[in-house]
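Subject: Structure handover

Hello,

Here is the structure for your files. My notes follow below it.

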Amino acid sequence: MEQSLKQVSPEQIKTDITYLADDKLKGRAPGTEGYQMAVDYVIGRLKSLDVKPAGENNTWLQQVKLRKAFTNNAVLSLNSGQLKNLVVRDDGYVIYPNPSVPEVKTSADLVFAGYGISEPSLGYDDYAGLDVKGKIVLITRGAPEKFSSSVAAHTMNSAQILKVAAEHGAVGVIIGLADSTARLNNVSKGIYSVMDNEGKVAVSRVYYSDQISVFGNMNYALFNLLLSNSGRSLPEVMSHLKAGQSYSFSLNVGAKVSYTSTYQDITSYNVIGKIPGTDPNLKTEYVVHSAHLDHLGIGTPVQGDSIYNGAHDNASGVASLLAIAKIYKGIKLKPKRSILMVLVTGEELGDLGSGYFAKHPTVPAKSMVADINTDMPTIIAPLLSITALGAEHSSLANQVAEAADHLGYLSVEPDPEPKQARFTRSDQYSFVLQGIPALHIKYGSKTADGKNNMNEIVASWREKYYHKPQDDINGIFDFEAGKKYAQLNFLIGYLVAQDVARPTWNAGDIFEQK
């Protein structure tokens, strides 16, 4: 085992990152020539490491049909005794495009439903006693403070908000901004979803079903006006919600919404490889190692550079998966379960490639037992402690602890940045939503100088490099830390692959219930 772990080469990690983040790949945006160059490179590397193709029709690829949708001619009007057919100015709201229905006209009453959360088992339900059937739900984004960081991130996720609203019979959701300094989301550049082979929406952050025909944002001033019109105030509402008290009511306002959507369809690909297992009974089950291959492409220039290379995000994660494949090539005791290497597209567009793979895998859906995701491991300093986002929900926490202990230099800590909602912001969340235990290893707080302020160091780095053209190979790197990330993620996956028992959700956990 120790000899196999030493197969990880910091120099090879650097080489892989250098190629994937080269200017000639032009930021690896899905559907571009640069992204295809990344696909070809990864397939070549996997072949050299004896990984077998596991995509569609015995290829390396899974086609992902991306739809970029644009909102046009959006009109919102409100009517009550005081508002009197108010046609809202277009700086007061945003309506997201509908990837399924090109033209929408809806009339419905507005109902305020707090955070839009319905988790009775956790002692919180904004929909309790509230009739929202056929109505548009107005909410504000947030979660009770008693929720853990990952549970809060899940319940605040737009896809979950839409799902809960639909289950209660609503026909629309509008999110009001409770911060007077916050700006409405910019949808002018288009919003992406994934379409299936029948032309239906397969994955989307802005669409749940045709039942929910309206999804949008409302600015602070309009939100406050609607609450005031109902005899409440925004500070009053927020004081209840922040105290963990559900506060929902009818707004006694009717709304009319109309808009059209136009589309641009793009084809991209996930890359899937397989390392076959050896156990006669377990080799038909799979441990997934995932990382996203895409980045932001060419965008707004920063300091004269417009190519968003994505060296850390996520060429480093892809390099880590290739390093894991290298360990498997050299290990003597091969895994009992099979291993899937899944390099996905569209993460930067809303976890779309992983969402599609998790829903429509190229292996039997129930055969995937766990996902270990690697996204921007942030290899900028020695790795001395880690947090395992999502592992606290399942038995995977056991493999994390054992792997960290085996390496001997790592401690496992709680999430040092819970407000970043990182649990739902990368591809492991797509697997969680399909009932598959998953995790994402990130840095902990420990630093070599003993100040243990790694989150502050990362925050400073993030300000300069994250989602900027400056995230190229000339930035800050610690390739030894990259080696340790790969070793740790390998060990976690290998321990799962060798365990006769499948990973399980913790009893009573929110995701077990789902």
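Axes are lines fitted to C-alpha atoms, for helices over the stretch in contact, and angles run from 0 to 180 degrees between N-to-C directions. Helices (H or I, at least four residues) and strands (E, at least two) are DSSP runs, numbered from the N terminus.

The model is predicted: local features need pLDDT of at least 70, side-chain atom pairs count only at pLDDT 80 or more, and totals for chains, interfaces and linings use all residues. Residues are numbered from 1 along each chain as its sequence is written, and side-chain values use heavy atoms, with hydrogens and water left out.

Overall picture

The protein has 14 helices and 21 strands. Its radius of gyration (taken over C-alpha atoms) is 23 Å. Along the principal axes, the C-alpha atoms fill a box of roughly 75 × 50 × 45 Å. Contact means heavy atoms within 4.5 Å. Among contacts between residues at least 6 apart in sequence, 82% join residues at least 24 apart.

Helix pairs

Helix 2 (residues 10-20) packs on helix 13 (residues 479-498) at about 100 degrees, with the axes 8 Å apart. The two are therefore roughly perpendicular. Helix 2 contributes Pro10, Ile13, Lys14 and Ile17 to the contact; helix 13 contributes Phe479, Glu480, Gly482 and Lys483. By class, that is four nonpolar, one polar and three charged residues. The classes: Ala, Val, Leu, Ile, Met, Phe, Trp, Tyr, Cys and Pro are nonpolar, Asp, Glu, Lys and Arg charged, and the others, Gly among them, polar.

Helix 4 (residues 149-156) and helix 5 (residues 158-167) have axes that come within 5 Å and cross at roughly 60 degrees. That makes helix 4 oblique to helix 5. His154, Thr155 and Met156 of helix 4 meet Ser158, Gln160 and Ile161 of helix 5. This contact has two nonpolar, four polar and no charged residues.

Strand 15 (residues 297-302) and strand 16 (residues 305-308) pair in the antiparallel sense over three bridges. Pairing requires at least two DSSP bridges. Gly297 stands opposite Tyr308 in strand 16. The two strands form a hairpin with two residues between them, and Gln303 in the turn has a positive phi of about 55 degrees.

Gly310 lies in the loop between strand 16 and helix 8 (311-330). At 0% relative accessibility, Gly310 counts as buried. Leaving aside neighbours within four places in sequence, Gly310 is in contact with Ala21, Arg28, His295, Ala315 and Asp471.

Tyr286

Tyr286 lies in strand 14 (residues 286-292). Tyr286 is buried too, at 9% relative accessibility. Not counting residues up to four places away, Tyr286 touches Lys274, Ser338, Leu340, Val363, Ser367, Met368, Val369 and Ala370. From Tyr286 to Trp505 is 17 Å, C-alpha to C-alpha, across 219 residues of sequence.

Best wishes

Methods
Parallel < 35°, antiparallel > 145°, perpendicular 65-115°, else oblique. Rg over C-alpha atoms; globule rule 2.2 N^0.38 Å. Buried < 20%, exposed > 50% of the residue type's maximum accessible area, 1.4 Å probe, protein only.
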